[in-house]
2 protein chains.
Amino acid sequence: MVSSGFRATLLKLGLEEERLAVLEGKGGIVEDEFEGIRYVRFRDSARGFRRGTVVFENGDVVPGFPHIKRIVQLENGVRRVFKGEPFYVEEKVDGYNVRVVKVGRRILALTRGGFVCPFTTERILDFVDEGFFRDYPDLVLVGEMAGPESPYIVEGPPYVEGDIRFFLFDIQEKGTGKSLPAEERYDLARKYGIPHVEVFGLYDSSRIDDLRGLIERLSREGREGIVMKSPDMRRIAKYVTPYANVNDVRIGSRIFFDLPHGYFMARIKRLAFYFAERHLRGEEFDEYAKALGKALLGPFVESIHEVASGGEVEEVFTVRVKNIGTAYRMVAHFERLGVRIHIEDIEDLKNGYWRITFKRVYPDATREMRELWNGRAFVD
Amino acid sequence: MVSSGFRATLLKLGLEEERLAVLEGKGGIVEDEFEGIRYVRFRDSARGFRRGTVVFENGDVVPGFPHIKRIVQLENGVRRVFKGEPFYVEEKVDGYNVRVVKVGRRILALTRGGFVCPFTTERILDFVDEGFFRDYPDLVLVGEMAGPESPYIVEGPPYVEGDIRFFLFDIQEKGTGKSLPAEERYDLARKYGIPHVEVFGLYDSSRIDDLRGLIERLSREGREGIVMKSPDMRRIAKYVTPYANVNDVRIGSRIFFDLPHGYFMARIKRLAFYFAERHLRGEEFDEYAKALGKALLGPFVESIHEVASGGEVEEVFTVRVKNIGTAYRMVAHFERLGVRIHIEDIEDLKNGYWRITFKRVYPDATREMRELWNGRAFVD
């Protein structure tokens, strides 16, 4: 249910009364609260309100971040998306998407799903200069939080050695969600010292070999991939490295039964198109095939052994926070997401930060695995 | 729609009028015809009528063949299914399931889905002695048709060098679907010279190491697996070799987009449990991992190249028939199954048989692959 104040706001913003009733009925919009700040988040899309959109009491609207289209054949994809026109190539950083926004006097970090994230909100000012929002209160900084100590992602990019960092990759207007042109974003990031994803420069479809070389290098360096953007930000497409596809499979394999089949199959598909485009054969192909096979089976088998000896399917992760209260707010946040999590350890780093170790348990995956290990006979 | 004669038969057999109407409404039962023989096949299950059940005009009922339960942990599975009791171990042959039955004066071969298969019906008397049905008109011979020249399966077991063969593995009563005890079946097969799947003997859970050794040998020999059966046929469980799991993946990879994700994931799961149970590590594990990776990617990449150079995703298979008319009836049969197929070649083998070469095209998989190759950008 949405309170009457928000109803009025949403209607004023153009959401039709009938549509609002339907959304409420199926839980497509939910009213929520973070430290006294009330907001509505869209769990489903509605005309003009993309999934993940957040509306605040003061009428501020932060549109959901759109899904970026993917290509799996680099050369033809680049031609088809950008025709002959130039495009910027930026690194696709492997982390979680946040929208950073000033609402009233608070700076908040929103997850893709439209939650105010307690952890990211606490930490964001470590990375982003508040001055930006004084000058541009109506802009939203969109970026990736990435690093080995992350609450949502098991691993980070190789160049983030500890903790977590923020990497800007888009600046949008509140309300419309319109992106600033890429060069304006580069200028603002420079001016305010906001860390930005690496920009590899301006390419066009005639430089496909350079682009291929870039992909090869990023893959060797254990990086996720690239996002290609026309300077006006109207055309955007992403492409990931074979390294990232294999690595995602490896990370997912440990919690095999908790992931949809499509998670694995999508990555195998991307690898197959990579091999087909590159005409990889012989030893190079065999090496990748072996890496894929090991990624699929290795952590899965380890997980079975864990469960067979009485353990559970689980993941351990750490985050650094300034206030222990933030850690407990994260536990509450995960519980609302239906995730079973608990704090394993709290360590005083003596530099104003605490390192919190969480354990996430996968009860359904554990049960499934235990039953199969115990010899259940099943029809498939 | 089901004609009035069949309605009366089905009602007499105990199908409730209301249930019959529902089944008809959603196409759960379909009336069909093969060379003047009319029959009804159950596409859905109804109380007392399993999916795949066939009812003939004379009231003969051939129950659908039940799905055999699978175990993925051999030792615990055997203990759980058979307790301490002995069980026969028979080869699981990689082919397609047929039920052979005499109806009136004709001997017919029914597919799992309940169709009279024109090909198998023409060929079945090459393998099965008609005398059996003279003596036992109320029994159904259930077996696997397997070999390199098969209309439904791309490959056959290694020991069938050409053509196709029949391997008995169950004898059931018409009407009830009750299986004869295993030893009675072995006797009847011997007496009538009906080819039978290999029987590896009587085991129990104390001989788990022998059973493991058998699995290893079958896997080395490129065979599919085993079916374990209590002598009274009340408890049955199957277990497949790692070879078969990898090989299935390899065969499926060529038509990746035509198969459900679960096809691949189920086999990866079985492999993972095999490795976990055997504690395979090091080189042996790496070899299998590589084989799995190559199986997943190799034929898939070849298929992409085929489509990229203007071809289609397709499979070619051959069968041997006595009458060319049978080949055309097979084309019609496939068309009813929604499969796009055409005859590529007809060769007179000069021994009373014709070798027919079919090509099966996968238009949806081809279209999907072509679009991705051509650089389509998509949200996943």
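Below are my entries on the chains, a sheet and some salt bridges.

**Ground rules.** I am working with a predicted model, where local features need pLDDT of at least 70, side-chain atom pairs count only at pLDDT 80 or more, and totals for chains, interfaces and linings use all residues. Residues are numbered from 1 along each chain as its sequence is written, chains are lettered from A and ligands numbered from 1 in the order in which they are written, and side-chain values use heavy atoms, with hydrogens and water left out.

**A sheet in chain B.** Here I found four strands in an open, antiparallel sheet, ordered β10-β5-β11-β12. Strands (E, at least two residues) and helices (H or I, at least four) are DSSP runs, numbered from the N terminus, and two strands pair if DSSP finds at least two bridges between them. The edges are β10 (199-203) and β12 (236-240) of chain B, each pairing on one side only. I followed β11 (residues 225-229) of chain B to β12(B) and found five bridges; B:Gly225 has B:Val240 as its bridge partner there.

**Salt bridges.** I use the term for a side-chain nitrogen of Lys or Arg within 4 Å of a carboxyl oxygen of Asp or Glu. The whole structure has 84 of them over all chains. Which residue does A:Arg41 bridge to? I found A:Asp32, with the closest N and O atoms 3.0 Å apart. A:Arg336 also forms a salt bridge with A:Asp32, at 2.3 Å. A:Arg336 sits in helix α11 and A:Asp32 in strand β1 of chain A, so this pair ties together parts 304 residues apart in sequence.

I then checked burial: buried means under 20% relative accessible area, exposed over 50%, and partly exposed in between (1.4 Å probe, protein chains only). A:Asp32 is buried at 10%, as A:Arg41 is at 8%, while A:Arg336 is partly exposed at 45%.

**Across the chains.** A:Asp380 forms a salt bridge with B:Arg70, closest N and O atoms 2.8 Å apart, so the pair joins two chains. I noted A:Asp380 as partly exposed at 46% and B:Arg70 as buried at 6%.
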